[in-house]
Amino acid sequence: MTKSCYSPSLDLAKLSDVPTSASFNVTEKEHESLSTTLNVLGVKTIKGTAEVVRHGREVTVTGEVSAQLVRECVASLEPMEEDIHVKFTLQYWSVQSLEDYPEEMEADLDAPDPLVGDTLHMDDVFIEQLVLAMQPYPRKEGAEPVKDPGANASISPFSVLKTLKSDDSS
């Protein structure tokens, strides 16, 4: 993902058990580029806030993100609005490389995710939580599927032969 300036990147060395605040700020001018990133028709509003704390190698991010997106209905193919509001808590384990991540944690699904490097990119955190909250198949209420014009046509494997036979009789 391309790094942007919607939200600050946090230096892990400066984090402590005192919460550090981060916000996800997107201007109207940036809505178009974010709609491309999210693969949606448009972004009407989007905002997020979070607090980050660090205890040793463990980094905890608690926050929320909300958005109003313009999506395409999977049934009618019409534009529709999707409102999203999600609260989240994420835990990371700070390592310099994935080789430093303890093997016993790899097998534990409840273990903190590895956070490689010295920086926590908050843009990635907010966008990931937004994408996870989006409906995978957005459907407008009461939407009827688009009618296939050839759906009721009688198709026979012999229909091609009939056209050949009628061409021969000419």
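The side chain of Glu-30 comes to 2.9 Å from the backbone nitrogen of Thr-27, in a model that is predicted. Glu-30 itself sits in the loop that runs between strand E2 (20–25) and helix H1 (31–38). The points below begin with the chain, then return to this residue, and end with the largest pocket.

**The chain as a whole**
- The chain contains four helices and seven strands, and when it is read along the sequence these elements follow the pattern β-β-α-β-β-β-α-β-β-α-α.
- The chain has 170 residues, of which 36% count as buried.

**Glu-30 and its surroundings**
- Glu-30 is buried and yet has no salt bridge, although its side chain does reach the backbone nitrogen of Thr-27.
- The nearest side chain of opposite charge belongs to Lys-29 and is 9.7 Å away, whereas a salt bridge requires a side-chain nitrogen of Lys or Arg within 4 Å of a carboxyl oxygen of Asp or Glu.

**The largest pocket**
- The largest pocket holds about 170 Å³ of space, and its lining is made up of Leu-90, Tyr-92, Asp-113, Leu-115, Thr-119, Leu-120, His-121, Asp-124, Val-125 and Glu-128.
- Sorted by class, this lining has five nonpolar, two polar and three charged residues.
- At least two residues of the lining are supplied by each of four elements, namely strand E5 (79–95), strand E6 (113–116), strand E7 (119–121) and helix H3 (122–133).

Notes: Residues numbered from 1 in each chain as written. Predicted model: local features only at pLDDT ≥ 70, side-chain atom pairs only at ≥ 80, totals over all residues. Heavy atoms only, no water. Buried < 20%, exposed > 50% of the residue type's maximum accessible area, 1.4 Å probe, protein only. Lys, Arg positive; Asp, Glu negative; His and termini not counted. Polar contact = N/O pair within 3.5 Å; in protein donor to acceptor, adjacent residues only side chain to side chain. 1 Å grid on protein atoms, 1.4 Å probe; cavity = no way out; pocket = protein on both sides within 12 Å on 5 of 7 lines; lining within 4 Å. Points joined across faces, edges and corners; volume = space filled by probe spheres on them. Nonpolar A, V, L, I, M, F, W, Y, C, P; charged D, E, K, R; others polar.
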